[in-house]
Amino acid sequence: MFVTKLTRLAAGCALAVLMGASAMAAEVTLKLGHLANEENIWHKAALKFAEEVAALTEGRVEVVVYPNETLGKEIDVINGMQLGTADMTITGESLQNWAPKAALLALPYAYKSLEHMDRVASGEIGDAIEAEIIANAGIRPLTYFARGPRNLSANREITSPDQLNGFKLRVPNVPIFVAAWQALGANPTPMAFSEVFTSLQNGTIEGQENPLALFKSGGFYEVQKVVNKTEHVRSWIYLTIAESSWDKLSEADQAAVQEAANRTQAFERELFLADEQALVTDLESKGVKFVEVDQAAFAARAKDAVIAAVPEDIRPLAEQIFNN
């Protein structure tokens with residue numbers, strides 16, 4: 001029988017899920033680092049994945065989960081996976097730095113609904129994206145999680161792109177996001193997630209854009225009191241493993257890890273759907289105001305720039321998504 005323990009690492013900021021068997025120690029330990037905190041559903045999903053891996057491999061494989069960028073910022077962890085110092089992470093459009101098709105994960109205003117996004121992610125376009133990530137980045141997507149739509153936070157209402165006019169906001173290091181916000185009239189500034197709170201607090205930036213889950217887990221509601229419902233990006237994000245780490249597993253354990261990922265996707269989706277409405281209620285209780293915006297105006301202003309920012313060889317795929 002296997003027992004799951006939650007323990008604090010010596011560094012004091014990482015939760016590790018250590019799976020042990022009474023008869024044998026784990027043959028393979030996988031380090032899974034991500035940027036969210038312990039209350040975020042990505043972290044809860046990562047813990048679920050660790051439990052499923054331990055059970056399905058009968059303790060041969062353990063997954064140790066490191067939240068809060070404990071293993072480094074997102075790009076650092078990806079680099080670590082390629083170098084062999086990390087094994088797994090939760091990542092998405094940042095992979096376009098290696099695999100251009102990953103830009104399709106998060107095309108501003110391309111996905112009309114969660115169902116539309118699911119069709120693309122689980123269909124031929126999704127398969128093509130995953131194949132390119134494996135080939136170019138040496139990282140294997142095991143499954144994907146839906147992300148809540150990204151919204152623009154600020155300390156004032158912004159209901160039209162005409163009101164941006166140089167508005168300085170943080171964006172992740174994703175070229176297509178930079179292009180979209182420039183087309184909307186803002187001044188986007190790429191920045192690591194861990195630097196956002198302090199930058200909002202000291203006025204280096206005026207706002208940021210993220211799903212509500214990260215807006216809450218980052219504590220941004222303490223320094224940003226308006227969420228403008230731009231809903232400019234619907235996207236998904238992958239639970240990934242380094243190909244070098246994958247290759248260390250036996251075929252049986254690869255199958256078990258993949259099945260654990262499949263189960264985790266179903267678990268995470270249930271949490272995600274319940275969490276989205278709960279986030280609104282909780283943030284409103286913290287004094288955050290939600291503002292409806294002219295999404296059609298934002299979409300019309302951004303579309304051409306978004307398609308132009310996509311590499312030319314995958315532009316037809318982007319247009320296909322927009323027109324689907």
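Modeller: A term to settle before the linings: Ala, Val, Leu, Ile, Met, Phe, Trp, Tyr, Cys and Pro count as nonpolar, Asp, Glu, Lys and Arg as charged, and the others, Gly among them, as polar. Also, this is a predicted model.

Biologist: Fine. By class, what lines the largest cavity?

Modeller: Its lining has six nonpolar, two polar and three charged residues. Among them are Trp 42, Arg 147, Phe 272 and Glu 276.

Biologist: Which elements supply at least two residues each there?

Modeller: Helix H1 (41-56), E6 and helix H9 (251-285) do. The volume of the largest cavity is about 80 Å³.

Biologist: How many cavities of 30 Å³ or more are there?

Modeller: Three. The second largest cavity has about 50 Å³. Helix H2 and strand E5 (88-91) are the elements giving two or more residues to the lining of that second cavity. By class, its lining divides into three nonpolar, four polar and three charged residues.

Biologist: And the largest pocket, what volume?

Modeller: About 300 Å³ of space lies in the largest pocket. It is lined by 20 residues, and the closest to its centre are Leu 35, Glu 74, Ser 94, Arg 170 and Pro 172. Leu 35 and Glu 74 also belong to the lining of the second largest cavity.

Biologist: Switching to Ser 153. Buried or exposed?

Modeller: Ser 153 has a relative accessible area of 1%, so it is buried; the cut-off for buried is under 20%. Ser 153 is in strand E6.

Biologist: What does its side chain make a polar contact with?

Modeller: The side chain of Gln 224, at 2.8 Å. Beyond four places in sequence, the contacts of Ser 153 include Phe 167, Phe 215 and Val 226.

Biologist: Now Glu 157. Where does it lie?

Modeller: In the loop between strand E6 (139-154) and strand E7 (168-171). Glu 157 counts as partly exposed because its relative accessibility is 35%. Its side chain makes a polar contact with the side chain of Lys 289 at 2.5 Å. Val 226, listed above for Ser 153, is also touched by Glu 157.

Biologist: Last one: which residues touch the most other members of the largest nonpolar core?

Modeller: Trp 42, Phe 49, Leu 107, Ile 133, Leu 164 and Trp 236, in a core of 101 residues. Leaving aside neighbours within four places in sequence, Leu 107 is in contact with residues including Ile 176, His 232 and Phe 322. Trp 42 also lines the largest cavity.

How values were computed
Residues numbered from 1 in each chain as written. Predicted model: local features only at pLDDT ≥ 70, side-chain atom pairs only at ≥ 80, totals over all residues. Heavy atoms only, no water. Helix = DSSP H or I, 4+ residues; strand = E, 2+ residues; numbered from the N terminus. Buried < 20%, exposed > 50% of the residue type's maximum accessible area, 1.4 Å probe, protein only. Contact = heavy atoms within 4.5 Å. Polar contact = N/O pair within 3.5 Å; in protein donor to acceptor, adjacent residues only side chain to side chain. 1 Å grid on protein atoms, 1.4 Å probe; cavity = no way out; pocket = protein on both sides within 12 Å on 5 of 7 lines; lining within 4 Å. Points joined across faces, edges and corners; volume = space filled by probe spheres on them. Core = buried A, V, L, I, M, F, W, Y, C linked by side-chain atoms within 4.5 Å.
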